[in-house]
Amino acid sequence: MTQVSSQQQNFDIQGMSCASCVARIEKVVKKLPGVAEASVNLATETAMIQFNPALVSTEGIAKAISKAGYEASLQIANAEKTFESDGKLKQERLNLFLAILLTIPLIVPMIFDVMLPGWLQLALATPLQFYFGARFYLSAWKSVRAFSGNMDLLVAIGTTAAYGLSLYNLLVHNHHHELYFESSAVIITLVLFGKYLESRAKYQTTSAIRSLQKLRPEIAHVKRGDSYIDLPSHKVKLKDWVLIKPGETIPVDGIILEGETSVDESLITGESLPVLKGTGDAV
């Protein structure tokens, strides 16, 4: 594949939970015809893919990722993504709070050796199992469809077994002392708590990364023929000539071909004073 025919596109990826997810997506994408490179970042939930648009489209790439059990879409603006992540974190916090409220009545009586009526346990455990636990069933189904396994699949199997056995004992044998509704409820609530902590840590990490990305200019003055045109900085190609005007931030790494200037490298090196740069110097 030549550089002229290649195109680079960033995707937002949803549904990743570990490094194996990253490896799986990269493996699936690299199998597509025309894909030269695929790099997936778990922290930012993004994928950078270089491909030949004549052989594969962005829709085809997104479809292949979807078949692997994840959701992919063309990358959106940072401000919109931050707002979306903030809303997702608030929703997870609310779900965790409600799940805890439903779980407490199931486990507190056990401390005092008191058993709640079976039908009350069923009423408390059912929304936990099928509403707050729906995300595990959905993820488990995608995992099975992709002929792979993940943690959500184990959670779905384990909690369903405990809930199903309890429901069977309650309806068929009318046993109120051999119920395990609290087991499935506690597992789901604890995993939701772990998911919330993970999402919060990821949100804080990605916020810091995006804050650094905002320091990079979005536009680069690239030479085309005898004039310079403005292009998105991520579309600058190898051996392109880029014009840096006085006072501007350098959008890409490169070597100075003409002129000299003082560059503030404090963000990289910690040097507070501007560094003099001239022809042949790397910036």
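This briefing covers the overall dimensions, the sheet, a helix pair and a hairpin of the structure above.

The model is predicted: local features need pLDDT of at least 70, side-chain atom pairs count only at pLDDT 80 or more, and totals for chains, interfaces and linings use all residues. Residues are numbered from 1 along each chain as its sequence is written, and side-chain values use heavy atoms, without hydrogens or water. The protein chain has 8 helices and 9 strands (DSSP runs numbered from the N terminus: helices are H or I, at least four residues; strands are E, at least two).

**Overall dimensions**

- The radius of gyration of the protein chain is 26 Å, whereas a compact globule of 283 residues would have one near 19 Å (taken over C-alpha atoms; the globule rule is 2.2 Å times the number of residues to the power 0.38).
- Along the principal axes, the C-alpha atoms of the protein chain fill a box of roughly 85 × 45 × 25 Å.

- An open sheet is built from 4 strands in the order 2-3-1-4, with antiparallel pairing (two strands pair if DSSP finds at least two bridges between them).
- Strand 2 (35-41) and strand 4 (71-74) are the edge strands, and each pairs on one side only.
- From one strand to the next, the twist averages 25 degrees (axes are lines fitted to C-alpha atoms, for helices over the stretch in contact; angles run from 0 to 180 degrees between N-to-C directions).
- Strand 1 (residues 7-14) runs antiparallel to strand 4, joined by 4 bridges.
- Ile-13 has Ala-72 in strand 4 as its bridge partner.
- Helix 2 (residues 58-67) packs on the sheet and touches strand 1, strand 3 (46-51) and strand 4 (contact means heavy atoms within 4.5 Å).
- The direction of helix 2 makes about 30 degrees with that of strand 1.

**Helix 5 against helix 6**

- Helix 5 (residues 134-145) packs on helix 6 (residues 151-171) at about 120 degrees, with axes 8 Å apart.
- The two helices, helix 5 and helix 6, are therefore oblique to each other (under 35 degrees is roughly parallel, over 145 roughly antiparallel, 65 to 115 roughly perpendicular, the rest oblique).
- Helix 5 contributes Phe-136, Tyr-137, Ser-139, Ala-140 and Val-144 to the contact; helix 6 contributes Asp-152, Leu-153, Val-155, Ala-156 and Thr-160.

**The hairpin**

- Strand 5 (residues 219-224) and strand 6 (residues 227-232) run antiparallel, joined by 6 bridges.
- Ala-220 has Leu-231 in strand 6 as its bridge partner.
- Strand 5 and strand 6 form a hairpin with 2 residues between them.
- Gly-225 in the turn has a positive phi of about 75 degrees.
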